[in-house]
Amino acid sequence: MKFFATIILIQLTSCVYAGVNPIEKAKADFKKVDLVYSATSMYSVDIQYSVFDNHSGGNLVEQKYGQYFKNKNLSYTKILNIETIVNTKITIVANNEDKVLVIADTRKIELSPIQTNIDTLLKLCDNIKIQDIGVTERYYSLDFGKDENTEFSKIDIYINLSNYSIKKLVMFYNETMPLTQNDYYGLEKKPRLEIVYKTFTPMSKANELLFSESTYLNVVDNQYKGKGKYSGYKIMNQLQSVRFKKK
């Protein structure tokens, strides 16, 4: 989640927990969430992505399923025919439909797509709502108001209280955009993205081949080449050292 570095006044106008400071409640809960993911060195998550064409209800535009695997400081994600491998130095994206391998520097962000910088979110937030759904789930709604400098106008986060894993994220986009190829010249809409984390499974052993650069690439005369089933793939080298060298 990317936000512009604009700090706005926090106005906490609604909270189901009477007498409870929602900032402190959120910090305490999300600290537990981060501890779950950071303390578990190997795990897998099954993920469902659904895009809707407006903020409430709306038509389902696209739905995809994926898997995320963490192995210490390495990660592997597969969504349909696209695989993404991240280590501390480089990121490899394998587009198996277009037969393309993209190589780039790993950005200084969390390797897990689940962990979030809650302090940044709270500083940008106009309004926080907290509500328990039964005894197993807690719901946070972070409203960013009318600030157009944020990517999202609102983010809803559902926490599984049994193990403090993230159950669901709902992100309400601030900008209008075309959602399908057919919509490109038509009316643009503000979409809603729902991400459901169907499972969180700690693992005692990981498939090391998933995370190894050598599974995907060979280096021949200082040039990257696709390896194995990726041989013959077009290589797009976006490493800074290569791009700066070309200039």
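**Exercise 1.** Classify Glu62 by its relative accessibility, and then examine its salt bridge with Lys64.

*Solution.* Glu62 has 40% relative accessibility and therefore counts as partly exposed (buried means under 20% relative accessible area, exposed over 50%, partly exposed in between, with a 1.4 Å probe and protein chains only). The model is predicted, with local features needing pLDDT of at least 70 and side-chain atom pairs counting only at pLDDT 80 or more, while totals for chains, interfaces and linings use all residues. Residues are numbered from 1 along each chain as its sequence is written, and side-chain values use heavy atoms, leaving out hydrogens and water. Next, Lys64 is partly exposed at 28%. The closest N and O atoms of Glu62 and Lys64 lie 3.7 Å apart, forming a salt bridge (a side-chain nitrogen of Lys or Arg within 4 Å of a carboxyl oxygen of Asp or Glu).

**Exercise 2.** Determine which parts of the chain the Glu137 and Lys167 pair links.

*Solution.* The two side chains form a salt bridge, 2.8 Å from N to O. Glu137 belongs to strand E8 (residues 137-143) and Lys167 to strand E10 (residues 165-173), so the pair, 30 residues apart, joins distant parts of the chain (strands, E, are DSSP runs of at least two residues, numbered from the N terminus). Glu137 is buried at 12%, whereas Lys167 is partly exposed at 37%.

**Exercise 3.** Is Arg138 buried or exposed, and which residues share its salt-bridge network?

*Solution.* Arg138 is buried, its relative accessible area being 8%. Its salt bridge with Asp132 has closest N and O atoms 2.6 Å apart, and Asp132 is partly exposed at 32%. Asp29 joins Asp132 and Arg138 in a network of salt bridges. The structure holds seven salt bridges.

Technical notes: Helices (H or I, at least four residues) and strands (E, at least two) are DSSP runs, numbered from the N terminus.
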